[in-house]
Amino acid sequence: MSTLTIEGWCKPSPDQKSIPTGEIHFYVDGPLHLRLEQAEERLQKTHEPEAMVDVDMSSMDLILPEGYGPLSDCQMRVYLQHTRGQFHLVGHRASDGSLIYSNAVLIDQLI
């Protein structure tokens with residue numbers, strides 16, 4: 001499907017500003033792409049603000065910048081902006097629970 005390289009961020013605690021981490025690389029396979037599209041459709045129908053989509057970390061080929069991994073969990077957050085579905089990776093660093101996330105990508109830009 002699609003291999004993505006996206007700018008990443010780390011938010012050590014809720015009261016601290018996010019800091020850039022460098023690039024996050026991951027792969028979106030066919031089943032994950034389908035789940036992202038289904039989440040987008042659900043949000044368009046229900047008008048919920050967001051949906052979290054579970055991922056199989058073993059199939060993502062996730063590569064985080066040095067010092068920011070491994071993650072204890074990982075999901076894709078799906079939301080609508082101007083009726084178009086967007087998603088970004090969100091997870092928590094295993095060592096300290098810091099929030100790790102990527103910039104957003106339009107779902108319909110996936111190949």
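Q: Which side chain meets that of Asp108 in a salt bridge?
A: A salt bridge here is a side-chain nitrogen of Lys or Arg within 4 Å of a carboxyl oxygen of Asp or Glu. The partner of Asp108 is Arg84, at 3.0 Å, N to O. This pair links distant parts of the chain, with Asp108 in the segment after β7 (105–106) and Arg84 in strand β5, 24 residues apart. Strands (E, at least two residues) and helices (H or I, at least four) are DSSP runs, numbered from the N terminus.

Q: What should I know about the model before going on?
A: This is a predicted model, in which local features need pLDDT of at least 70 and side-chain atom pairs count only at pLDDT 80 or more, while totals for chains, interfaces and linings use all residues. Residues are numbered from 1 along each chain as its sequence is written, and side-chain values use heavy atoms, leaving out hydrogens and water.

Q: How many salt bridges are there by this rule?
A: The count comes to four. One of them joins Glu50 and Arg77 at 2.6 Å, N to O. Another joins Arg93 and Asp96 at 2.9 Å, N to O.

Q: Is Arg93 buried or exposed?
A: Buried means under 20% relative accessible area, exposed over 50%, and partly exposed in between (1.4 Å probe, protein chains only). Arg93 counts as buried because its relative accessibility is 12%. Asp96, at 46%, is partly exposed.

Q: How many disulfides does the rule give?
A: A disulfide is a covalent bond between the sulfur atoms of two cysteines. The rule asks for a pair of cysteine sulfur atoms within 2.5 Å, and the count comes to zero.

Q: Which strands pair with β1?
A: Two strands pair if DSSP finds at least two bridges between them. β1 pairs with β2 in the antiparallel sense over nine bridges, and with β6 (residues 99–102), also antiparallel, over four. Leu4 stands opposite Phe26 in β2, and Trp9 has Tyr101 in β6 as its bridge partner.

Q: How many residues does the largest nonpolar core have?
A: Such a core is a set of buried Ala, Val, Leu, Ile, Met, Phe, Trp, Tyr and Cys residues joined through side-chain atoms within 4.5 Å. The largest has 26 residues, and those with the most contacts inside it include Leu4, Phe26 and Val28.
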